[in-house]
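Please read them beside the model.

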Amino acid sequence: MNTELEPLVGAYLEGSISAGDMDRLNELLEADRGARSRFAECLNLDAALGEMAAGWMVPEEVSASEPRARRIRPKALPGVVRVVGIAAAVALAAVAVIGYLAEGRSVATEPFATVRDAAGVPGLTRDDTLRREIYRIDTGSVELLTSRGAKVVIEAPAEFGFESAQTIRLPFGRLAADVPPSAKGFTVITPDGDAVDLGTRFGVDVSASSGSRRSGSRRSEIHVFEGEVIARTGGGGVDETRSLGTGEALTLNLGSGEARELRSAAFIQPDEVEELFAGLAAGQLGRSETFGNELRTDETLIAHLDFESARHPGIYRTVQGRWPGSKAPEFVEEGDRLELDIGGDRAWPRLTLAAWVRLDRLGAPYQSLLHTDGWSRDNPGQVHWMINRNATMRLALNSNTLAPDAEERHGFPDSRTPVLPEHGRWVHLAVVYDSEAKTVRFYLNGEFDKETRQEVAHPARLGPARIGNWDQRDRKLSGRIDELVVLGRAMSDEEVRNLFDAGNPYR
């Protein structure tokens, strides 16, 4: 550590750094990769020594009573802390121990985190304390508050364990963190490297590819929603450290990192958790199930996919749906898709399409919600439902044409209100087609958005179709889809509103 950097880092860790010195520290870190690496090491050292004083080296007896959470005796502290100097380490350790004793804390019982809320997670409830244990959750979501003030949301399936209040190990799963200044340096350890916070909001995704995917390997991703994170990769005898800023994301590989698109909506973040848990407490899940059962008795029902009972053919991840413990397909890579065959070989004069969608990002140029095969053939009425590059919905039927006074300029009916304001949350999309009335009506979150008239309107045709990637060049999907409903009739405005109200996960 050079002579200029050392006092700046010391003031930063003490919380006494001035605005001018903070600017200078940022300049040094931006200009020198070695400075960034040493800064991350100091943050880890400071956090680890503080937790040493708090007693993370004292193993606890492991409880075997938890029904579906797996608790494992602590492992040795991983090699993420590199001592800057023995004298400095001893001094810092002494200061940390004296500080904790002065506050009268018990070094054997100090928790690393507290459960703020848990939904659908057996064995974890509000106000439970987490110490040096490893947990595996198969369903639901849990929100944690560390003793340093960081808010952490973990979504099943996941395995995680605190090494300290400032360090959490994530062998697999999805984690979002909101880290205040008091918890700067909060570190997430993955199988492929570490994410070291510099005061930010970020997410880490360590996902295992499902059996139907081309690859069975796990991989780790870091996504920075706001602020800065130091990403440190390891493996293959090579270490690489780089700084990620707001809007940047990185896939960690052995010894290197590969930039990727930000997937902000892939993570349930702390500010969303309260609304989701409030929806559960208000009985929204029960109302959704009741409404779904009623839909299944509708004589015009073509398909009602809740993705709970069966896995459909295709290449995709199965992740949590809008309810803790539920299932939904997630599409991440180019080529991810779900295949289905609905509607048979018949014409449908009227059609309603509706689904809950959670977009990671808006792709170029289309997000494919439901695309039938056979569009390139002379096959009037084939249905393509998508989101455009400008974030509006489109319903395109093969060989249909717009009315002369239509405001669209691209030949197909489009909604007016962009989906973009709902980017990062579950949003309900619906479209109602009537070939006899020659109308297409769009709905966003249960509210009527726009009607487009057509001059030529063929009856709709379905059959073999895909959700997600239909054409690798420009029709794919990045995100999750839940509860797809296809009806062979035109839903009224009131029915679409009721469908949204019943299935809305937020309150």
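1. Searching the whole structure gives six aromatic pairs, where rings of Phe, Tyr and Trp (its six-membered ring) pair if their centres lie within 6.5 Å, and planes under 30 degrees apart count as stacked, over 60 as edge-to-face and the rest as tilted. The model is predicted, so local features need pLDDT of at least 70 and side-chain atom pairs count only at pLDDT 80 or more, while totals for chains, interfaces and linings use all residues. Residues are numbered from 1 along each chain as its sequence is written, and side-chain values use heavy atoms, with hydrogens and water left out.

2. One of the pairs is tilted, that of Trp375 and Phe412, at 6.5 Å centre to centre and with 55° between the planes. Trp375 belongs to the loop between β21 (366-372) and β22 (383-387) and Phe412 to the loop between β24 (401-402) and β25 (427-434), so the pair ties together parts that are 37 residues apart in sequence; strands here are DSSP runs (E, at least two residues), numbered from the N terminus.

3. Trp375 is partly exposed at 21% relative accessibility, and Phe412 is partly exposed at 24%, given that buried means under 20% relative accessible area, exposed over 50% and partly exposed in between (1.4 Å probe, protein chains only).

4. Tyr443 and Phe448 form an edge-to-face pair, because their ring centres are 5.8 Å apart and their planes are at 65°. Tyr443 is buried at 1% relative accessibility, whereas Phe448 is partly exposed at 36%.

5. Charges also sit over rings (NZ of Lys or CZ of Arg within 6 Å of the ring centre and within 35 degrees of the ring normal). Arg346 lies over the face of Trp348, 3.7 Å from the ring centre, and the charged end of Arg425 is placed over the ring of Tyr506, 4.1 Å from its centre.

Note on methods: Helix = DSSP H or I, 4+ residues; strand = E, 2+ residues; numbered from the N terminus.
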